[in-house]
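Below is a short briefing for a reader new to this structure.

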Amino acid sequence: MSEQRLSRVFAALADPTRRDMVARLAAGDASVGELAAPYDVSVQAVSKHLRVLEEAGLVSRSRDAQRRPVHLEAEVFDLMTKWIERYRQAAEERYQRLDAVLAQMQQEADGEPTGRHTTQEGTAS
Amino acid sequence: MTTQAHRTEATIEADPTVPIIRITRDFAATPEQLFRAHTDPELFARWVGPDGMETTIDQWDATDGGRWRYVAGRDGESYGFRGCFHTVRPDRLVQTFTFEGMPDDVALETLTFEDLGGGITRLHAQSLCESFEGRDQWLASGMETGVNEGYAKLDALVASGRV
C-alpha cells in the first residue's frame, strides 16, 4: 500500500462517524439510507462520509443493484491488522533486549562478573 | 488476572473507542528491576532501540516533574524524543512522550509493574495518543521499522497485490 493511500486511510478513519459506519458495515452491507438512519444528519452528509471512505479504498458500492449497497473492503482491515502486528513485533524486539538487560542486572546482583559496566546505584533520580 | 498464562510475547491492543495503545508483556525480573531498567538512563539506553540504532541520552531526571530527552541515531540520521516524568514510583511510571518530528503530538504513557510472584513481573504499558490519526500513524511507524529491518515475509504479503 502506498504512503499516499495509507494517509487517506488514516484520514478517513480519524472521524468518529466514519469509524462508526465502518463498524456497522463490518456486520454486513447496507444502503446509504440504512447507514444514515441512526445519525442526526442528512443522507447527503452520510454520502459525503461514504465518498471519503470510498476514496480511501475502505468501502465500495455495487454499480448494478438499484439500492447500491455499500460494501466493506475487508482486505484493507487485514492490512491494518498487519501493521499493528508489525508494531507489536517492534515492541517485542525492544522487550527482548530488555530481557537481556534484566538478565545482566540479575547476574550482577548475584555477584557474577559480566564484563560490562553498568550503573548499580539504583535510579537516576 | 494472575491465574493467566505468562505473556512471554508482547500482546498489543489498539482501543477502538479511545486513541490508546496497550501493550502487555511479562518479564523474568522483580518489579524493582523492571522499574530500574526504565528509570536508570544507562540501562534504558541499552534496550529502548529500535534495532540497529544507537540511543544517546541527552537529559534525564527521573523524578516527579523531571524531564527526559534522548536521540536515536544510525548512519547520520537522528531522531529526537522528549517528555516529562509525571509520576515516578516503584510500581508506576507516568510520563509524556513526544517524537520531535511530530512536535504537536504528545502521548501520555502510563507504565505499571505488576508483581505476579515467582520472580515474574507483568508490564502494562498504555499510551494515550493525541488523536486517532496520530495513534494510527504511530502504529504504522512500526511498519516502516519493519520494512527497514527486513520482515521479508510480511512485505511479501503486502506486496502480493491484494491491496
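**Layout and cores**

Read along the sequence, chain B runs β-β-α-α-β-β-β-β-β-β-α-α, where helices (H or I, at least four residues) and strands (E, at least two) are DSSP runs numbered from the N terminus. This is a predicted model, in which local features need pLDDT of at least 70, side-chain atom pairs count only at pLDDT 80 or more, and totals for chains, interfaces and linings use all residues. Residues are numbered from 1 along each chain as its sequence is written, while chains are lettered from A and ligands numbered from 1 in the order in which they are written.

Chain B
- Chain B has four helices and eight strands.
- Of its 163 residues, 27% are buried (20 or more other C-beta atoms within 10 Å of the residue's own, with C-beta atoms placed from the backbone).

Helix α1 of chain B
- Helix α1 (residues 31-39) of chain B is mostly covered, with seven of its nine residues buried.
- Among these buried residues are B:L34, B:F35 and B:A37.

Nonpolar cores
- A nonpolar core is a set of buried Ala, Val, Leu, Ile, Met, Phe, Trp, Tyr and Cys residues joined through C-beta atoms within 7 Å.
- The largest nonpolar core has 26 residues, of which A:A91, A:L102, B:L34 and B:A37 touch the most other members.
- At least two residues of this core come from each of α5 (74-109) of chain A and β2 (20-27), α1, α2 (41-47), β7 (107-117) and α3 (132-149) of chain B.
- The most, nine residues, come from α5(A).
- Another core, of 18 residues, lies apart from it and includes A:L35, A:L50, A:V70 and B:F132.

Definitions and conventions
A residue is buried if 20 or more other C-beta atoms lie within 10 Å of its own, exposed if 12 or fewer, and partly exposed in between; C-beta atoms are placed from the backbone.
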